[in-house]
Amino acid sequence: MINPLLLYVHIPYCIHKCHYCDFNSHVRGQPDWQQYEQALLSELNHWANQPQFAGRELQSIFFGGGTPSLAPASLIKSVVVRASGLFRFCDGIEISLEANPGTMDQSRFSGFRGAGVNRLSIGVQSLDDTLLKWLERIHNRDQAVAAFKAAREAGFTNINLDLMYGLPDQTLEQWFKTLDEVITLGPEHLSCYQLTVEPHTKLAANFEKVAAQLPDDDLALEFLFETRERLAGVGYGSYEVSNFARKGFKCRHNDGYWLYRDYIGIGAGASGKWDLESGGDGGAARYTNIRNPEKYCDSALKEGRPVNSDEKLPKGTAEAEALWQGLRRTDGVSNRWFTARHGTDIQTRFGKELEPWLSQKKLVWEGDSLHLTDKGLPFADSIAEGLF
Ligand code: SF4
């Protein structure tokens, strides 16, 4: 069974490293964009010639970062054009780019549209200047609103805004002030994530100073459920734990990850994954690239395969991973799909592990689909742990 293929392109540069950030992002005075573009193209050629990816249809391309909106539009165009020469594009292929307010104006948005980008994801995070400062973002509220308007003026009709809640001393009222204002702007899609303190970040090193200002478990749940209710009331359906969209606007690329589809990742620190069905044991393979941008470029330009590590996931791990990722989706996991992909049905494979959650109504079967209930949402990680 061949599943649709996704392409992720990582742009690792940022103007400033935010203290909470654990993405592979690097501050460089003047990135060597020409070299980075050549490295991306060289790596793309490499993967397009591998039997597991050759000749397949691409359903989406996603430029993530870092700050992809720092890249010249010519780089984005060159990757899109090369991809279209190496792969078949599905009808209406989704091509997304992450943009940060503070790096954007209308002419840059127009440039990206001209390069083939048809979906934008703007990293707004908050419309509260005090909180934006705390996050160490380089933009303020007015720039965030201006970026959204400029994107519309440039012709984008599919825009996501990224938001964060659970910030220090943030009340529900403060959060709703941002959320309501964002709703008024009318984006097609919203991603609302709770701030998490990731290991090895500056924030983690200073954790003791902020711990008491962060929401406790009860308040965090209130943020989650009140957000879902508020958004549902104004037409944004939840299709994943933290993602909401107007009808027809869910992010096909990210949904593809949760559907355990194959993906190629190119760029510093990117990773790729494919199913090992034909000739394999039903497991999956994954690679992760060199994280440092300069070392990545050296290796991609010399060998076309700038991989830092390769991993083979045995069948059992791939099954657990597919179920865990699928359970993030509001529609849950289709048993028919799972059986076709893994050669065993969900109940036979995971009946013992799932039973306590089903009897507590944290998971339910609805027709062919297994999904989390509202009651089960806060337990998604604990459910996942039991699967591996
Ligand atoms: S802009 Fe985004 S990717 Fe860059 S440092 Fe801040 S959080 Fe990380």
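I began with the ligand, which is surrounded by Cys-14, Lys-17, Cys-18, Cys-21, Phe-23, Ser-25, Gly-65, Gly-66, Thr-67, Asn-100 and Gly-123, a residue being near a molecule if its C-beta atom, placed from the backbone, lies within 6 Å of it. I sorted this shell into four nonpolar, six polar and one charged residues, where Ala, Val, Leu, Ile, Met, Phe, Trp, Tyr, Cys and Pro count as nonpolar, Asp, Glu, Lys and Arg as charged, and the others, Gly among them, as polar.

I kept in mind that this is a predicted model, in which local features need pLDDT of at least 70 and side-chain atom pairs count only at pLDDT 80 or more, while totals for chains, interfaces and linings use all residues. Residues are numbered from 1 along each chain as its sequence is written.

I then looked up helix α1 (residues 33–48) and helix α11 (residues 293–303), whose axes come within 8 Å and cross at roughly 50°; helices are DSSP runs of H or I with at least four residues, strands runs of E with at least two, numbered from the N terminus. Axes are lines fitted to C-alpha atoms, for helices over the stretch in contact, and angles run from 0 to 180 degrees between N-to-C directions. The two helices, α1 and α11, are therefore oblique to each other, since angles under 35 degrees count as roughly parallel, over 145 as roughly antiparallel, 65 to 115 as roughly perpendicular and the rest as oblique.

Last, I noted an open sheet of three strands in the order β15-β17-β16 with antiparallel pairing, two strands being paired if DSSP finds at least two bridges between them. Its edge strands are β15 (333–334) and β16 (363–366), each pairing on one side only. Two bridges join β15 to β17 (residues 369–372), and Ser-334 stands opposite Ser-369 in β17.
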